[in-house]
Amino acid sequence: MNEKNLHCNTRNIKSLENFQSGTRHLENSEIKLAIRDLERAVLYDSTFCDAWSNLAIAHQKAANFEKSYWSAINALVIDSTFSTPWITIGYTFFLSGDYNKSLVSFGHLKNLRPDNPEGYYGSSFVLYSMSTLDKAQQELEIAKEKYQESKIPISNEVKFLEARILFEKSEYSKSRDLLESIYSDYKDDAVANYYLGVCILRTNGDSRDNWRKFILKAKREGYKIDDDINELIK
């Protein structure tokens, strides 16, 4: 990571070296090594908020949710306007099953940084998971506006969330268009295959073999198929 991209930086060489190596391990999904080096980084400089922030992400990936939360809090104690720890806390609460606290965390980010699309995207993701679809769609539309205003390309991850919201609202044609546009990135995802297969079936645009192959692929990946769809693919 370029030092110019750091949020608060450090003057401690040992802390910076461990931060850099820990971040490389994190990027390579070597989570235990990442935690080891990032813990060393904050030991050498406890005011290095970037190290605390990345340590929070590493602990989250290791499902150490309490440690993830407190590492992110330590980053925010140093600078409460640092966006990344708020995002990490939001997803940490989500992954631990506390959707309400997750929404509160993303709400804090939206209040602190209303220009940051991630607060709206995170809120949309949680609301979708709670089946609060209209609000999820509203938050996602705001997120897309913020991405465009910031000249940040709309990622396939955002499009996949939009496709799932549309699917659950039975807007199968729009969902299908989005899923087909991103399918190359999600061809091994059970949910994407199932939703695309059902969208093709519901829009009556293709032969039985076309929609059936996606649903069967989802089934092979372990996706639980609805009974009515199971009857159709026999």
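This is a predicted model: local features need pLDDT of at least 70, side-chain atom pairs count only at pLDDT 80 or more; totals for chains, interfaces and linings use all residues.
Residues are numbered from 1 along each chain as its sequence is written, and side-chain values use heavy atoms, with hydrogens and water left out.

Let's follow helix 11 along its length. Helices are DSSP runs (H or I, at least four residues), as strands are (E, at least two), numbered from the N terminus. Helix 11 covers residues 190-203, and its 14 residues should span 20 Å at 1.5 Å a residue, which agrees with end C-alpha atoms that are 20 Å apart. The expected span is 1.5 Å times one less than the number of residues. After the helix comes N204, with a positive phi near 55 degrees.

How much of helix 11 is buried? The helix is mostly covered, with 11 of its 14 residues buried, where buried means under 20% relative accessible area, exposed over 50%, and partly exposed in between (1.4 Å probe, protein chains only). Among the buried residues are Y194, Y195 and L196. C199 counts as buried because its relative accessibility is 0%. The cover over the buried residues includes helix 7 (117-129), helix 9 (156-168), helix 10 (172-186), helix 12 (208-220) and helix 13 (227-233).

R164 touches F125, Y128, V191 and Y195, leaving aside residues up to four places away in sequence; contact means heavy atoms within 4.5 Å. R164 is buried yet has no salt bridge, and the nearest side chain of opposite charge, E157, is 6.8 Å away. For charges, Lys and Arg count as positive and Asp and Glu as negative, with His and the chain ends not counted. A salt bridge needs a side-chain nitrogen of Lys or Arg within 4 Å of a carboxyl oxygen of Asp or Glu.

Now to helix 4 (residues 65-78), which has 14 residues and reaches 20 Å from its first C-alpha to its last, close to the 20 Å expected. Its buried residues are S68, S71, A72, I73, A75 and L76, and they pack against helix 3 (49-61) and helix 5 (83-95). S68 counts as buried because its relative accessibility is 0%. Not counting residues up to four places away in sequence, S68 touches A56, H59, Q60, T88 and T92.

Helix 6 (residues 99-112) also brings us to helix 5: the buried residues of helix 6 pack against helix 5, helix 7 and helix 8 (133-149). Those buried residues are S102, S105, F106, G107, L109 and K110.

Finally, which cysteines form a disulfide? C8 and C49 do, with sulfur atoms 2.2 Å apart; the cut-off for a disulfide is a pair of cysteine sulfur atoms within 2.5 Å. The pair links distant parts of the chain, 41 residues apart, with C8 in the segment before helix 1 (13-27) and C49 in helix 3. C8 is partly exposed, with a relative accessible area of 30%, whereas C49 is buried at 0% relative accessibility. One disulfide is found in a search of the whole structure.
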